Amino acid sequence: MPELPEVHTTATFLDRALRGKIITNAWSDYHVKSVQKIGIKDSKLFSVFSNKILGKKILSVTRRAKNILFRLSDNISIVAHMKMTGHFLLGAYRRKKEWVGPIPPTFEHEEWIPTERGDLQNPFNRFIRFVISFSDGTTLALSDLRRFARIEFFDTLRLENEFKKFGHEPLEKSFTFTVYKKQILKRTTGKIKTILMDQSIIAGIGNIYSDEILYSADVHPESNPSRIPHAELKKIYTAMRLILKKSIRLGGDSMSDYRKPDGTRGEFQNCHNAYRRTGKPCKKRNCSGIITRKKVGGRSAHFCPIHQKLY
DNA sequence: TGCAGTGTTGCTTC
DNA sequence: CGAAGCAACACTGC
């Protein structure tokens with residue numbers, strides 16, 4: 001479920017925690033797909049991946065669209081996508097025996113020490129799929145119940161080309177209202193919710209934030225973008241920036257599996273007006289609507305049929 | 001108990 | 001060309 005605010009929170013956290021550290025070990029129990037499409041199902045292929053990153057230094061951890069980008073020394077990069085249930089957990093790995101080689105570590109919660117105060121009883125420890133350890137004893141683990149997350153290996157110099165498929169970053173200064181409007185109106189067909197979630201137009205918005213943005217802007221998710229009045233287009237733009245920033249400030253949305261790298265929850269799930277509020281009264285002042293759920297472009301849209309107008 | 005629901009991306013099909 | 005549908009996966013809730 002990680003969308004822009006969750007991925008941003010994770011990348012910022014990991015950048016502060018890992019910058020300058022040297023990778024000393026790596027382990028995975030499933031496919032770590034390299035750019036050469038090596039499906040790492042067996043340990044032999046995994047060693048191809050781990051041999052490329054062992055001994056490398058973390059230069060930076062950043063975000064592009066919903067991807068976390070680890071820039072390593074020697075022009076090597078790791079690109080991670082959390083998909084549905086993936087999230088990184090950072091900690092000090094405390095085992096009596098030193099962990100050597102690709103032996104699956106057992107992350108019992110007694111052995112897991114969050115770097116900051118957090119829930120030691122992290123229920124996701126049993127879904128640890130991937131671990132990197134560093135020379136100072138820090139470990140970075142990927143927890144992913146559904147195994148959709150992808151970790152790919154790239155030549156840093158090829159990244160720019162790889163990322164061309166993504167559209168504008170919604171929070172960048174250069175993404176002005178004028179640029180946004182031009183992008184939105186590129187599609188004359190389709191529905192506004194689908195367009196907000198199209199990563200090639202605007203990068204980083206998924207189901208939660210598209211529902212919340214459209215609720216806040218009083219626009220029905222099935223509206224045709226070319227029919228939406230200028231004023232409402234502006235409301236969507238403003239709501240988009242405000243809501244994404246607010247969620248970043250709150251550490252993201254932990255309604256489902258997402259946790260910050262220290263194991264603690266974000267807080268944005270307490271601020272939902274539409275998402276997963278089916279059947280509940282609309283919170284907007286003087287609005288008598290009941291939040292409705294409907295499939296829009298194959299995704300479940302949550303909206304208030306009274307104050308969100310269909311254009 | 002069984003099966004729909006959960007959401008992201010990418011592939012296939014129409 | 002675009003859209004629609006589905007697979008990848010595993011658990012939750014009705």
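The largest nonpolar core has 67 residues. A nonpolar core here is a set of buried Ala, Val, Leu, Ile, Met, Phe, Trp, Tyr and Cys residues joined through C-beta atoms within 7 Å. A141, I213, L214 and I236 have the most contacts inside this core. At least three residues come from each of domain 1 (4–158) and domain 2 (177–303). These domain bounds come from an automatic or database domain assignment.

This is a predicted model, in which local features need pLDDT of at least 70, side-chain atom pairs count only at pLDDT 80 or more, and totals for chains, interfaces and linings use all residues. Residues are numbered from 1 along each chain as its sequence is written, while chains are lettered from A and ligands numbered from 1 in the order in which they are written.

Start with the two domains. Chain A is divided into domain 1 and domain 2. Their contact takes 24 residues from domain 1 and 20 residues from domain 2. Two residues are in contact if their C-beta atoms, placed from the backbone, lie within 7 Å. On the side of domain 1 that touches domain 2, helix 1 (4–18) and strand 5 are the elements that give two or more residues. Helix 1 gives the most, with nine residues. Helices (H or I, at least four residues) and strands (E, at least two) are DSSP runs, numbered from the N terminus. That side of domain 1 divides into twelve nonpolar, eight polar and four charged residues. For these classes, Ala, Val, Leu, Ile, Met, Phe, Trp, Tyr, Cys and Pro count as nonpolar, Asp, Glu, Lys and Arg as charged, and the others, Gly among them, as polar.

Now turn to helix 6. Eight of the ten residues of helix 6 are buried, so this helix is largely enclosed by the rest of the structure. A residue is buried if 20 or more other C-beta atoms lie within 10 Å of its own, exposed if 12 or fewer, and partly exposed in between, with C-beta atoms placed from the backbone. The buried residues of helix 6 are I208, Y209, S210, D211, E212, I213, L214 and Y215. They pack against helix 5 (192–196), helix 7 (230–249) and strand 11. L214 touches I192, K193, V219, P221, I236, F303 and Q308, not counting residues up to four places away in sequence. Just after helix 6, D218 takes a positive phi of about 60°.

A residue is near a molecule or strand if its C-beta atom, placed from the backbone, lies within 6 Å of it. The surface near DNA strand B has five nonpolar, five polar and four charged residues. DNA strand C is surrounded by L145, R146, R147, F148, T189, G190, G297 and G298. By class, the surface near DNA strand C has two nonpolar, four polar and two charged residues.

Next comes a run of paired strands. Two strands pair if DSSP finds at least two bridges between them. Strand 3 (residues 67–72) and strand 4 (residues 76–81) run antiparallel, joined by six bridges. R71 stands opposite S77 in strand 4. On to strand 9 (residues 150–155): strand 4 pairs with strand 9 in the antiparallel sense, over six bridges.

V79 is in strand 4 and stands opposite E152 in strand 9. Leaving aside neighbours within four places in sequence, V79 is in contact with N67, L69, E152 and F154. V79 counts as partly exposed because 19 C-beta neighbours lie inside 10 Å. V79 and H220 are 141 residues apart in sequence and 35 Å apart in space, C-alpha to C-alpha.

Most residues other than glycine have a negative phi. D74, in the loop between strand 3 and strand 4, has a positive phi of about 60° although it is not a glycine. The hairpin of strand 3 and strand 4 has three residues between the strands. D74 is exposed, because 12 other C-beta atoms lie within 10 Å. K83 lies in the loop between strand 4 and strand 5 (86–93). K83 has a positive phi of about 50°, and K83 is not a glycine either. With 15 other C-beta atoms within 10 Å, K83 is partly exposed.
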